[in-house]
Amino acid sequence: MDKFNFKIHHRDKNSNARTGIITTSHGKIRTPGFVSCGTAATIKSLTPEEIKACSIDVFFVNTYHMMFRPGIDVVKNAGGVHKFMNWEGSVMTDSGGFQAFSLGENGPRKQTKAGNEKTQFNEKTLVKILEDGIEFTSAWDGKKIFLGPKESIEAQQELGSDIMMSFDECTFYPIKHNYAKEALKRTHAWLEVCIEQHKNNKNKINLSQALYGVVQGSIFEDLRMESARFIKSKDVEGFAIGSVANAKEPREFVFKVLDWTLPILNYSERPVHFLGIGEIEDIFESIQRGIDTLDCVIPTRMGRLGYIFSKEMGLSKKYRYDITKSEFKLDNNILSRGCRCYTCSNFTRSYIHHLFKSRELLGYRLATIHNLSFFGSVMEEIRNSIEENNFLKLKKEWIKK
Ligand SMILES: [Zn+2]
């Protein structure tokens, strides 16, 4: 069984982009790599063979969702998440915190009118932040649940994923510095508990799990740098950058946070994951700064809505078009010129338009296969360009207005 490791293969001469391989006990993840979203232990509507064929090495399973449906015990009983879903590749799990916190977006983080940011709890608030974790109300059955760093890592160990995320406080925007600082203090204290639990893994589901420490600090340079330094000093196998790409922060901060933290993190040659980013132009910006993996629901969720990715649509259309529009009714071209995915090898726009109009399940499947393959091939193009020191040239070619 391979132990978790990360090897950098090549550094682009003109940017901080780099290629490499993350090895887990379930195979190799080519970096930079796109991590697809498999929330409930499935990339909706695809079989494992189809996922592999889309050039996807790893996908995310959400601990929070698994806790409620089917329950961690069910997955443990099946021998872990890989066996449960018959996926032989690598799996990442999140801490469950983000979903739990999202429920309380208008809860304890919301500042009072008087500007008092003290964590408060009232009957309407779904999430209560405690020093040793969070208490929240289950969105499924209204039960009160406690989730802390120990519980989160325990659940991820029982799922047996290859890469686990540390349990952090996901802050939302807008936020004041003093609250972000308090939240960061908790996140760092929780990381110590996560590491302890990671070292004392008592179950045998996956003996080669990696723990990524999540960098927080919201939009504040001093806090983000403090967090990056703190997490870098810890015994974790990798890093993740959280709460900036997915919580309403102004876009300008998304990449500033990378500029503040990556020079610190990248120095230690451990992989860095960017949580919740996935528009094509953002992928280029992130990789240029030294991000190794990133995840997003965009290709799969958009696919199910009928949005088809194609380079020809360009930046202004966010590289996609809506196949349900009547202009595709008689269009016998494939979804995207030059695409060699299963969908484009076999079907036309006209047919897929018809499937969506008729709400046929095959439409969602074919669109998902195309979109994931599109992301898989963009990542491959990016990796090749880095190897040839041409990354910036490729980026320019893609990001023209
Ligand atoms: Zn295609």
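**Annotated binding-site residues and a helix pair**

Gln-216 is located in the loop that joins β11 (210-215) to α8 (221-232), where helices (H or I, at least four residues) and strands (E, at least two) are DSSP runs numbered from the N terminus. The model is predicted, and local features need pLDDT of at least 70, side-chain atom pairs count only at pLDDT 80 or more, and totals for chains, interfaces and linings use all residues. Residues are numbered from 1 along each chain as its sequence is written.

Gln-216 counts as buried because it has 30 C-beta neighbours inside 10 Å; the term requires 20 or more other C-beta atoms within 10 Å of the residue's own, with C-beta atoms placed from the backbone. Among the residues in contact with Gln-216, leaving aside those up to four places away in sequence, are Asp-168, Thr-171 and Ser-243; contact denotes C-beta atoms, placed from the backbone, that lie within 7 Å.

The UniProt annotation "binding site", from an unreviewed entry, includes Gln-216, Asp-168 and Gly-96; such annotations may be inferred rather than shown by experiment. Gly-96 lies in the loop between β6 (90-93) and α5 (97-102). Gly-96 is likewise buried, with 25 C-beta neighbours inside 10 Å. Its contacts, not counting residues up to four places away in sequence, include Thr-63, Tyr-64 and Leu-147.

Helices α9 (residues 251-265) and α10 (residues 280-289) have axes that come within 10 Å and cross at roughly 15°, axes being lines fitted to C-alpha atoms over the stretch in contact, with angles from 0 to 180 degrees between N-to-C directions. The two helices are therefore roughly parallel to each other, a term for angles under 35 degrees. Phe-255, Leu-258, Asp-259 and Leu-262 of α9 meet Glu-285, Ser-286 and Arg-289 of α10.

Notes: Parallel < 35°, antiparallel > 145°, perpendicular 65-115°, else oblique. Contact = placed C-beta atoms within 7 Å. Buried ≥ 20, exposed ≤ 12 C-beta atoms within 10 Å, placed from the backbone.
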